[in-house]
Amino acid sequence: INVSDLTTCEATAQMITKARKDGVELFFDRASNMKACPIGAESACCKHCSMGPCRMNVNSPYDRVGICGATIDTIVARNFGRMVAAGTAAHTDHGMGMLELFRDVINGKNTDFKIQDPMKLLEVAKALDIVTEGRELKEIALDLYAELEKTYTQVDGEIPMMKRVPPKTLESWRKEGIVPRGAMREIMEMMHRTAIGVDQDYENLTKQISRTALADGWGGSMVSTDITDILFGTPSPVEVEVGMGVLKEDKVNIIVHGHEPILLEAMIISAADPELKKMAIEAGAKGINLIGMCCSGLDALSRHGLPHAGNFSSTEAVLVTGAVDAMCVDVQCIKQDLKRVAECYDTPFITTNYRAKIEGALHIQLDEHDPLKCTEEIVIKAITRFKTRGKTIEIPRKTGLGVHGFSYEYINYMLGGSFRGSYKPLNENIINGRIRGVAGVVGCTNPRSKQDFSHVELVKELIRNDVLVLQTGCSQLALAKAGLTGPGAAAMAGPGLAEVCETVGMPPVLGLGSCVDNSRILIAASKMVRTGGLGETIADLPAAGCAPEWMSEKAIAIGQYFVASGVYTIFGHTFPMTKGTKFEKHLFEELETKGFGKWGFADDPLEMARLMIAHIDKKRQALGI
Ligand code: BF8
Ligand code: SF4
């Protein structure tokens, strides 16, 4: 297979070529050699009990049922529900970890970190009706902790963040019985209801699927974003380089790849430690070069302008440079094969979280109460490796320089002129038609699609049609590498959007951060509704979402919470759905008639754009604008 069919990222292409020369297999090679199972691809098999596994006929889905009698709709809906449960569990476990760190920081059990954004702490407390007047910050913080813990552990009642949902949207959830209680409860019930012989009605299952996903978007993920902002600072625009060219031949290169900000935040402290810097210089390096990858990298890129080496499909490829002196990881999206590829290039590969060990890999546990112990040890390992680096180093030059770090607070500020400003100018520009609508383009890269291609082509087409694009996750990195996240990209936008961008001095593509930061898009949508003029629910907004190359169960959970919140959400390249089923019709058509969003599917980026723009125009027409 030609390298140009695997990726449009020049640096990754260069490294695939080098890996082939070096005789090192990458996941791109396996994706080309291993055909996806056609039954599994359509989610038409069930292994929820040992009477099966039962396989349905994807070409004629109603011609048989499972041994227990489960129909294709039950089977596909149950599989979908379990994907949502897994994705929600990932985001909420991460969020709960951040909340625990917050508790330890306010209680003085962790002294390496402190609250960086007390304003945001007050803002979130006020939004949840916690009294702030005349009280010590610590008291408010403790109350906030207790309130937010309910997001995860509450057994009954509505989770706290429901106070931020537009009233009419919340009303529709109450009517449907899908307001989340606590994430643990919803995930537990989802797993129970999808076991053999429990919920065998796809419409009823869909309700719990939505309820579980909402516990992620408006729960686990949202709390994670807010607490991370409070602890490490709310992002504001910062110019950063993204791409493998951020590796430096003459420095000790350390890559942090994963999702929970604590590892990277601790590493930032260790990499700046004068003793360790001295040690690096004594080893012959010009310094320590800390680099992020994937989502925690996006967090640090948004908050601190830390350079970033690229997205999910490049994490093996970056090791092929030979210039990585250590790669350390925490949880999620860590390919097991990184260990073997790292070994091929003598790069220390270190796991740091007891929840995510890799067989045979070196594990240095990060202790939340003393995180620097772990990160200092990793820096020393990297310096040692620098000293013995081989000669076959090849660093691709290319990087994309862009602006990132657009929190919803900053969008407020940028458009409204002050942090207490409003979304009114955004709404006005949508009403007067300069901005046609808003699109979220997010999610993974996948070796079964040409890396970055759909992300970039879709975004180009959207901005050309005056659609303002909000981004997170690996998609944001695809656009960053392609150089579309700078103000210069306004030249590629349609005349209306370009005018707004030039007046405000913003790019037409706004990077909001990691995948849990998709919650920033929910809050932005909620603010647009509350500001007025664009309908009463999120479903009324001229907006749409897309994950062109998704691969993780987390993406399915995100898609479902956007759909349940009222957004038309398109996924690309594959969808875990048997075509021609009632469940498909339910997700792709019927949910919209009940006032929710709906799912969509398209393979080609121009088709994705066409569907999104048509939806935006439909919503504009309904609003009479
Ligand atoms: O949470 S976009 S490949 S790195 S799952 Fe993973 Fe997908 Fe990237 Fe971050 Ni999100
Ligand atoms: Fe087959 Fe039903 Fe068991 Fe699934 S739950 S494996 S469909 S018998």
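What follows is a short chat about reading a few local features in this predicted model.

Trainee: Let's start with the metal. Which protein atom is a donor of the nickel atom of ligand 1?

Mentor: The only protein donor is C515, through SG, at 2.2 Å. To find C515 on the chain, go to the loop between β12 (509-511) and α22 (518-531).

Trainee: And what arrangement do the four donor atoms around the nickel atom of ligand 1 make?

Mentor: For a call like that, you look at the angles. Four donors count as tetrahedral if all angles lie between 85 and 135 degrees. Here the four donor atoms subtend angles of 89 to 156°, which makes the arrangement irregular.

Trainee: Now the backbone. Where is there a cis peptide bond?

Mentor: Omega is the angle to check. The cis bond joins G52 and P53, with omega at about 0°. P53 sits in the loop between β1 (45-46) and β2 (54-55).

Trainee: What about phi: what value does S43 have?

Mentor: S43 has a positive phi of about 60°, although it is not a glycine. You'll find S43 in the loop between α4 (38-41) and β1. D346 also isn't a glycine, and its phi is positive too, near 55°. D346 belongs to the loop between α15 (338-344) and β7 (349-351).

Trainee: Is S43 buried or exposed?

Mentor: Go by relative accessible area: buried means under 20%, exposed over 50%. S43 has 7%, so it is buried.

Trainee: And D346, buried or exposed?

Mentor: D346 has a relative accessible area of 61%, so D346 is exposed.

Key:
Residues are numbered from 1 along each chain as its sequence is written. Chains are lettered from A and ligands numbered from 1 in the order in which they are written. This is a predicted model: local features need pLDDT of at least 70, side-chain atom pairs count only at pLDDT 80 or more; totals for chains, interfaces and linings use all residues. Side-chain values use heavy atoms; hydrogens and water are left out. Donors are N, O and S atoms within 2.8 Å of the metal (3.2 Å for Na, K and Ca); water is not among the atoms, so sites may look incomplete. Four donors count as tetrahedral if all angles lie between 85 and 135 degrees; four count as square planar and six as octahedral if opposite donors are over 155 degrees apart and all others between 65 and 115; anything else is irregular. Helices (H or I, at least four residues) and strands (E, at least two) are DSSP runs, numbered from the N terminus. Buried means under 20% relative accessible area, exposed over 50%, partly exposed in between (1.4 Å probe, protein chains only).
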